[in-house]
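Q: I am new to this structure. Please take one part, look at it closely, and then connect it to what surrounds it.

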Amino acid sequence: MGGTVSAALRLGTWLSLFFRSDPLWVQGAPPSLEWWEVPALSDVRRMFDTVPWDGIPGGAVRVIAAQGEYEPASFVLRSDRMRENVRLSVSDLTQEDGHRLSADRIDLRVVKVWYQNGNAWHSYFADPGSILVPELLLHDENLIRVDRESRANYARLDEPSGPRYVWISAPRELDTGFDPFTAPFADASTLQPVTLLPGEFKQLWLTVQIPPEAKPGLYRGEIVVSGDDPLRVLIPLLVRVLPFELPLPRSYFDLDRPFLVTLMGAWPPVPLDHPAMRPILRNLRAHNVLHLDMACRVNMPEEEIAGRAALVKEMGFETRPVFLGWLSWVGAHDGTPLTFDELMSVRRETVRWRQLCERLFGHTEGIVGLGDEQGAAWVAKTRPIWRLVHEQGLRSELAGHRHYLVKAGHMLDVYPAAVSPSDLLETRPWNAVGHTWMSFYANQHTGVENPAFVRRQHGLLGYLSDFSMVNNYEFAYGPWNDWVQDLYKPMVLAYPTCQGLVDTLAWEGFREAIDDIRYATLLKTLAQAALRSGDLDRIYAGRKALLWLALVNGATADLNAVRLEMIRYILLLRKGLENGG
Amino acid sequence: MGGSVSSRLAMVLLAVVVAEYARTEETSPADPMAAVEWHRRQAEDVSLPARTRIEAWSRMAESWVRTQDGLELHRMDLALAEKALRRALEVADASPSDLADAWIHLGRFYERQDRFEEARACYAKAAELDPSPAGQAKAARAQASAWLAEGNEEQARAIYESRGFDLIELDSKLGRWDRVAERCEQTVGDTNLDIRIRWRAFSRHSVWNWRNAEEETLRTLCDRWMPLFVQSDSNRPLILLQKFKNAFSRRPTFIAWAAPWLLSAPDLSSTDRDLVLSAQFQALASLGRVSDLMAAAERAASDLRASPKVRYRARLIVRAFSPEFREGSASAAAEDLAVSFREVKLTAEERCDAVQGVARALLAAGRESEARKWHRAAEEMRAPYPRAVLPCVYQSEAPRDISGWLASPLIQDFTRAGRLNRPYGENLSFLLETDSAVTGRNAAPKQNDVRAGEEETAVWAACDSEGIWFFFLTRHLHPPKKMEGPIWAGSYEGYLTSGQTDPYYFFLIEIPSGRLSSSFRTSYRHRTHRLVDVERGTLRTDTRRCGDGIATVLFYGWELFYDRLPTDGGEWLFETIRWTAAGGVSLGGSRSVHNPSHWASLIFQGLNEENRRAIRRRLIQKAVASYREMRRDPGGPVGWWADWDLGDPVFYNKAVRPLVERLDVWAEETVSDMSDETVERLFREAVPRWLEFDLELSTLREYYLKEMWTEIP
């Protein structure tokens, strides 16, 4: 393996860097400004006073990513004095042979710390308390003003008469509503100058988008921190582009089975021609929402359904299968048998869905949902409806509890299950029957701001527990006020504005979760190819990779290390493929 | 005489008609097969009029259809239903119009099965049989309905137009709202028509359809025509109520415009009046129309048709928004005006809601600081529970099991007990319906005669060098009489955290089985958080019946908190909720689940330096055992990386071996008589690395690989 020995030699440097307390300065940097490279996806809640004990003081910011991949990185700054108007930018990155990665591919943002309810970082339940938590990824840190004295968040509305701040963290009884889609409220498109308060840590975030056609290899550049004092600090930025693209995810237990990735409620609640519609959809797709639920009803105007379908295709979502929407409700919520007329109305509707699916997507693999968390009697009595769905070649969907296995295990095609992502015993019988896509939801729902938690839940933990889908509840479009609901907090992964979405740490964690599965899929695909090669060395190499993956504990493994180890196995297996011809 | 005979005859005839009516309208059996026979008897009873028998055959057919309920559609057999409908066509003495109806019944039967051509043939037959205007109209409507059901709008429209049927009705069915609007406005604007016809058209305009949300169109229509319509009926503005409540409930411009219309309707119910007034205040405030708000509030304050709480709120608004009040006391104003409200005594909840309403209006008007003041006043009126306190006393050896606890003097000291006597909040029904993450609470909203006061529950806490112990004791005051399978005794739900910004541990213990659920995780394992492990004993529980109650013990090991051991007087957070068939009672007063703001303070006592050292000493033993186990494991971090084939010997030699050598040296120091200095040093330097040994290596591995792929040549 190239570079192993020298890497090991440098490991000692890493270890000493890890434990040293004084920073490593790049020439020309004043000692009053420090930085640390820190893991982007970490359980550490980085606050104004959180020393980056898990970071590398003065370390280079390093990114390792596949072609076509989005990958995050992060660093923390601290100044010993007040510095306003601090500007950060990224240079173009270049290889030794001159190949360039444009700075446009790197999105630099501030991690905004603001108030969220008393369960922030840990659960999706409501609470009247308020605590500070890092969450938002902003280009303009002043879009949200945080008042630490009154413990309040304010949103800046850029009105024609001038900016106005509105209180967006009022208690539930007081909240008067804030519509981010219509208010003049949007983030800047690039990072604006930031303020560094004396002695306080501020976290910055990069998301690097590697073009699919990028030449593999190491690119070098820097993050330039400049200011008025004068201030000029150059933080090294290193990006390794891997020599492969990531495939769409497939199930761990069956490489022939696509792994569906969607989120409940993700269709934007705005008209098709709203300025935020396309940016939101683009954002969803870039964050690995691969199968977007169109949330249609059959009695919607046809131009609306067709419009949604066109957007799904235009924005690059997967369309086979495709989440169409919902069947109209018929009958009672209990086990009261369905009547002839009720089933006839269902048949008419399923015929219409099939026609729409064929016309819009060229196939009948459309998924239609009916009901939510229904009782056992209802599930049993609904079987005639699912038969009608299947007669049209469509797929059935219902979220809920364990009794579905013994009442509809032979008929449910898409099953978000109210179980935990570690529940391997739950998935086995469904996978034994073999036709159902199964995900977890509720344990936990979305809403937790911790990106490492979101990554694990939606990524390798569920994947290695033989789930074949991510379909959690939910992708809520706000509200921005964390206190407006009684039992649950708003389950927001990214916050809406009139021009799109403000990303969050958790949303980056979600994307990385699915990327973890995509890496694992590539590893398994290459390993299977190795097993079929007939060459004993390659066969062993394939088995070793599979053995290593099988030993990964999805609940406890360090996912940053797991990712890199997957890359190592992928490179080894690819090398074996290339050498084997 | 003649008059008397004729009146008696009339009475007899009337009696016969009534009896006949009673016989035919007698309720058929609920069971479909029984209903089939019931209707058959009627249908074959030749003493009944033909029309009645035709209806009976039709109902029999419907009953036959109902016998198929629950089957899959392709298994439903409607042949007998069709046979019954065809029998109706053979009723001997039926009039042409009766027979026409029989054909229409058959046609509708075919239409329900999407057999449209056959349906239309039946309707054509009906038209043939009954040439009367009513008969022709009925048949034509049925034809149009069949065309529409088949999706043929053109044919349906042709029938409507040729027959002069209501095209508004057709366009509404088709969702052609622009045409509906056009036709309605034409009718409304036709001054030659009766006002009632014009009103009917107005009320059928597309703006009223639930799918349409065009506020501007609706307002323009109403502004133009409502003044005319209220002249003949002042309740006509009530047509606005549904839109007010649903479609435009969050649009202040609409609310402010519509409220006066609605308030002018004499038949506006008192509940709706309150709703409209409250919404009006809020809307006017958010639009910045303070003088209009004051005027509306002043009117409402003396409007006896409004409820006392709304009138009270109106008076508060007048006070709060008056220019001279800005710096005044919200609490004093609320109290003062409540006292002056003599005619009805307001409940505390109503007063609190009204004060919150004022706060909301002030905030909508952009007066944030005043809104906060009134909100604070409302919160003070709620008189929340003071934070509950549960002492956790260090013991050299705490009771380790239920028997130990029951025999312990600790539970004789009720000053150290936490009482679960604060009722859970108001969202229990919604919680049970929607919280998929956790089932097994075995709770129900308060119901029947079972009250939470039928039992009492107390909890005690203690700690020792092993960890933290909780002991729950529930005593039934009246043992439940009803047994449904296992005795339903509910559960304990609870949470434990070392600080408000730390992850919390969740538990749910079913009673009396003792089944434990801890699967709701608020974090996964990382450097500063450990998962509970029942197998390794960091979380333990036991439950059993004892005498007149149920006892439960719950234990958390210090390994979970080694990096944040409490100090003497240190405060953690703990809450537990006792769920029963009567709802929930809690220690801290949780208004909702997973609500850290309402949890009790767990105060550690007796944790002097000596006792803390005893904890550390014990943790050293556990940590080194854990490290040695990982070290020995052939598949563990050492065994794996050292493997020449599966691992990475270079990495092992450069990174793993030095770390292991250091940790092994420390491990050798863990003897039973370690000095205090050794304990402190090993606890500080070795314990984190022993317990997190695998995570340490993962971090090193991560840096190693990153360096390899991003090294600068």
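A: Start with one facing pair. Arg109(A) stands opposite Trp205(A) in β14(A). The model is predicted. Arg109(A) and Trp205(A) face each other where β8(A) meets strand β14, residues 201-209 of chain A. Five bridges join β8(A) to β14(A), and the two run antiparallel.

Now take β8(A) on its other pairing. Strand β8 covers residues 106-117 of chain A. β8(A) also pairs with β9(A), again in the antiparallel sense, over eight bridges. Here Val113(A) stands opposite Pro134(A) in β9(A).

Is β9(A) enclosed or open? Strand β9 runs through residues 130-138 of chain A. Seven of its nine residues are buried, so β9(A) is largely enclosed by the rest of the structure.

These strands belong to one sheet. It is an open sheet of six strands in chain A, with antiparallel pairing. The order is β2-β1-β4-β14-β8-β9. The edge strands are β2 (56-57) and β9 of chain A, and each pairs on one side only. So much can be said of β9(A): it is an edge strand, and it is largely enclosed.

Chain A holds another open sheet. This one has three strands in the order β10-β11-β12, with antiparallel pairing. Its edge strands are β10 (144-147) and β12 (162-167) of chain A, each pairing on one side only. From one strand to the next, the twist averages 30°. Strand β11 of chain A, residues 152-159, pairs with β12(A) over six bridges in the antiparallel sense. Among the partners, Ala155(A) is bridged to Val166(A) in β12(A).

Step back to the domains of chain A. The domain assignment gives domain 1 (34-140 + 191-245), domain 2 (149-186), domain 3 (260-505) and domain 4 (525-580). The C-alpha centres of domain 2 and domain 4 of chain A lie 51 Å apart.

One histidine gives another sense of distance. His390(A) sits in helix α6 of chain A. His390(A) has 14 other C-beta atoms within 10 Å, so it is partly exposed. His390(A) and Gln528(A) are 138 residues apart in sequence. In space they are 33 Å apart, C-alpha to C-alpha.

Next, the contact with chain B. It takes 66 residues from chain A and 64 residues from chain B. Several elements of chain A give two or more residues to this side, including β3 (61-67), β16 (231-245), α6 (383-391) and α12 (536-551). α1(A) gives the most, with eight residues. The residues on the side of chain A that touches chain B divide into 33 nonpolar, 16 polar and 17 charged.

What about the interior? The largest nonpolar core has 319 residues. Within it, Leu523(A), Ile317(B) and Val355(B) touch the most other members. The largest share of this core, 14 residues, comes from helix α11 (residues 505-531) of chain A. Ile317(B) touches Phe281(B), Leu293(B), Ala297(B), Val358(B) and Ala361(B), not counting residues up to four places away in sequence. A second, separate core has 38 residues, including Met60(B), Ala94(B), Leu106(B) and Ala146(B).

Chain B has strands to follow as well. Along strand β13 of chain B, residues 600-605, the side chains alternate. Ala600(B), Leu602(B) and Phe604(B) point to one face and are buried.

Two strands pair with β13(B). Strand β1 of chain B, residues 389-394, runs parallel to β13(B) and is joined by five bridges. There, Leu390(B) stands opposite Leu602(B). Strand β11 of chain B, residues 571-580, runs antiparallel to β13(B) and is joined by four bridges. In that pairing, Phe574(B) has Ala600(B) as its bridge partner.

The assignment gives domain 1 (389-479 + 486-607) and domain 2 (611-710). Their centres, taken over C-alpha atoms, are separated by 34 Å. In the contact between them, 11 residues of domain 1 of chain B meet 12 residues of domain 2 of chain B. The domain 1 side divides into five nonpolar, two polar and four charged residues.

How values were computed: Residues numbered from 1 in each chain as written. Chains lettered and ligands numbered in written order. Predicted model: local features only at pLDDT ≥ 70, side-chain atom pairs only at ≥ 80, totals over all residues. Domains from an automatic or database assignment. Contact = placed C-beta atoms within 7 Å. Nonpolar A, V, L, I, M, F, W, Y, C, P; charged D, E, K, R; others polar. Pairing = 2+ DSSP bridges. Axes fitted to C-alpha atoms, helices over the stretch in contact; angles between N-to-C directions. Buried ≥ 20, exposed ≤ 12 C-beta atoms within 10 Å, placed from the backbone. Core = buried A, V, L, I, M, F, W, Y, C linked by C-beta atoms within 7 Å.
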